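Okay, everyone, thanks for coming.

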Amino acid sequence: MDYYVAIASIIGIHALLGLSVYVVAISGQMSFGQQGFFAIGAYLAGMSTAMWGLGLVPALVLGALVAGAMGFVVGFPALRVRGLYLAIATFGFGEIVRLAFLNVRYTENIGGRVVGPNGAEGFRHVRYVYDRGFTGLHYLAVILVVLVVVVILFFLLERSKVGAKLRAVEEDETAAAMIGINVTRVKVVAFAAAAAVAGLGGGLFIHYSTYIDHDMVALPLAIASVTYPLLGGLGSFVGTLLGAIVLVGLTEGLRGLQGMREFVYGGLIILMMIFRPRGIVDEALVLRVKSWLSPRAPREPVQAP
Amino acid sequence: MTDGAILSIRKLARHFGGLRAVNDVSFDVPRGSIFALIGPNGSGKTTLFNVITGALAPTAGTVVFDGAPISGMPTHEIVRRGIGRTFQNIRLFTRMSVFHNVWVAMRRQPRSGNGARSERERVEELLALTGLSARRDELVENLNFGEQRRLETARALATDPSLLLLDEPAAGMGAVELARLVRDIRRLRELGKTIFLIEHTMHLVMDVADRIAVLNFGEKIAEGTPKEIQADPRVIEAYLGREHANA
């Protein structure tokens, strides 16, 4: 039972990370740096509860807000470049964050334990949740509640004009500007929002695992977070959720794959790029499902010109 | 100001290194008119559109729209002031439905009492105007060429422009579609839009335009009514060569 609770918790947390990449992707960018925002959210939320005496909810909010603010600051210069250059720039940011936490020491001795970011030792003893008698199952419920809130926001985003504007920018920045969209603003706001979602995932993660270190927010996490939306599909956020469930389930469930995770994820990305570049849940599929769901409009014959 | 020029181009230049794509061009587009810009391939017409819409900064000169200089402004700001545009190579959002292509461009209307139509109703109106109502839920890739051009026009109209720039709207069209285009352009003028088009299809231009400017090698070589342009030896020379002009 505990085992399945653990897998479900990881799926929930990684889904947030995948959704973060998804927001960036549907505004036409690709980021390999969302694990940096994840780390910022994790360290900040961890310090909030373990050292500063904040409750879990303010800690998660603070982690998400600071990650989002960092996204805003990083977004302005980073989004001047595109494609491969942006992928490298964002990965560079992720590495800067990782190396910063490898070197930062800010600890307190609390009840005989060294608590706080402690360089290569990582940040241990973030026990707020379990000290208050939560079981793994209780905390899974917390993760799922947060995920549901985020999913509702994504559902609203996809139906809103803001969501459509993101996709317009993704497809053609010149045409998007020509219908009155401020392309730079759309991209930076999307990047900042994505960073906040990743930071939220980080805050949930450190309270789940009770600890984090620099090695956990390195390249493999970047690849995993990009794989969920690319495999699941960019037509709807549902694809990212699907991608996280399938991929985490697969690699956690099939123990034999553990050591080969990056191999499997990398291979899947390449296969998807070749055979289904917009992922499993792509725009055509979304449109087809929508027309099934709304029998309101029977197909009219094509009108003569 | 209901009369006079909606758009004034003054001594406008855009150079690319040593290439003078547009050089010292001046003209006025009268409000409520159908104004055509013609010229051989590579004469600088699309470059001029790109400068007007802010996609390119001018090397020199100014663009005045509705009495205010707009050169140097970002594109989205120029669009908000009332300039819409279609592209020579169609640039629709291919991963969206027909409806969403127009909806995403829809300009927010100021709040106005009970009679105000909803945004969706106004999208449907534009689709009806451009004859695309039956295709509203299709992906763009399922539209034929003429429909795609009309959808681009509908999308541009959604930004509620007072000046609509059409970049070669007749390119690749057959006779039936051309006839419809002429009707559509006149209809738009009746709706109060000023139309400024680039076009190669001469009989369309001569048929529909009130006034024509001719570019050759980035410079304006003539301007006038269709009759004046047809008789202008410099225009004939630019298109056909010197011996025809003298004949």
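I'll talk about the sheets, then the cavities, and then one glutamate. Keep in mind that this is a predicted model.

So, sheets. Let's begin with chain B, where there's an open sheet of six strands. Reading across, the order is β6-β7-β8-β3-β9-β10, and the pairing is mixed. Which strands sit at the edges? Those are β6, residues 83–85, and β10, and each of them pairs on one side only. From one strand to the next, the twist averages 20°.

Now zoom in on β9 of chain B, which covers residues 211–216. Is β9(B) mostly covered or mostly open? Mostly covered: five of its six residues are buried. Buried here means under 20% relative accessible area.

Look at who β9(B) pairs with. On one side there's β3(B), residues 34–38, which runs parallel to β9(B) and is joined to it by four bridges. If you want to find this pairing on the screen, look for Ala36(B), which stands opposite Ile212(B), and for Leu37(B), which stands opposite Ala213(B).

β9(B) and β10(B) form a hairpin with two residues between the strands. What's the phi of Phe217(B) in that hairpin? It's positive, near 45°.

There's another hairpin in chain B, made by β1(B) and β2(B), and it also has two residues between the strands. In this one, Gly17(B) takes a positive phi near 60°. The strands themselves are β1(B), residues 5–16, and β2(B), residues 19–30, and they pair in the antiparallel sense over eight bridges. If you'd like a landmark, Ile9(B) has Phe27(B) in β2(B) as its bridge partner.

Let's hop over to chain A. There we find an open sheet of three strands, in the order β1-β2-β3, with antiparallel pairing. β1(A), residues 108–110, and β3(A), residues 123–124, are the edge strands; each has a single partner strand, so one side of each is left without a neighbour in the sheet. Two bridges link β2(A), residues 113–117, with β3(A). To spot that pairing, find Gly116(A), which stands opposite Arg124(A).

Okay, on to the empty spaces. How do you find them? You roll a probe the size of a water molecule over the atoms, and that shows where empty space is left. How many cavities of 30 Å³ or more does the structure hold? Two.

The largest share, seven residues, comes from α6(B). If you sort the lining by class, you get seven nonpolar, four polar and seven charged residues. And which domains of chain B does this lining draw on? It takes at least three residues from each of domain 1 (5–82 + 161–246) and domain 2 (97–107 + 118–155).

The second largest cavity has a volume of about 50 Å³. Its lining is Arg167(A), Glu170(A), Glu171(A), Arg278(A) and Glu283(A) from chain A, along with Arg95(B) and Met96(B) from chain B. Helix α7(A), residues 161–171, gives the largest share here, three residues. By class, this lining has one nonpolar, no polar and six charged residues.

Last stop: Glu125(B). You'll find Glu125(B) in helix α4(B), residues 119–129.

Definitions and conventions. Residues are numbered from 1 along each chain as its sequence is written. Chains are lettered from A and ligands numbered from 1 in the order in which they are written. This is a predicted model: local features need pLDDT of at least 70, side-chain atom pairs count only at pLDDT 80 or more; totals for chains, interfaces and linings use all residues. Side-chain values use heavy atoms; hydrogens and water are left out. Buried means under 20% relative accessible area, exposed over 50%, partly exposed in between (1.4 Å probe, protein chains only). Two strands pair if DSSP finds at least two bridges between them. On a 1 Å grid over the protein atoms alone, a cavity is a set of points where a 1.4 Å probe fits but cannot get out, and a pocket is an open set with protein on both sides within 12 Å along at least five of seven lines; lining residues have an atom within 4 Å of a point. Grid points are joined across faces, edges and corners, and a volume is the space filled by probe spheres set on the points. Ala, Val, Leu, Ile, Met, Phe, Trp, Tyr, Cys and Pro count as nonpolar, Asp, Glu, Lys and Arg as charged, and the others, Gly among them, as polar. Domain bounds come from an automatic or database domain assignment. Axes are lines fitted to C-alpha atoms, for helices over the stretch in contact, and angles run from 0 to 180 degrees between N-to-C directions.
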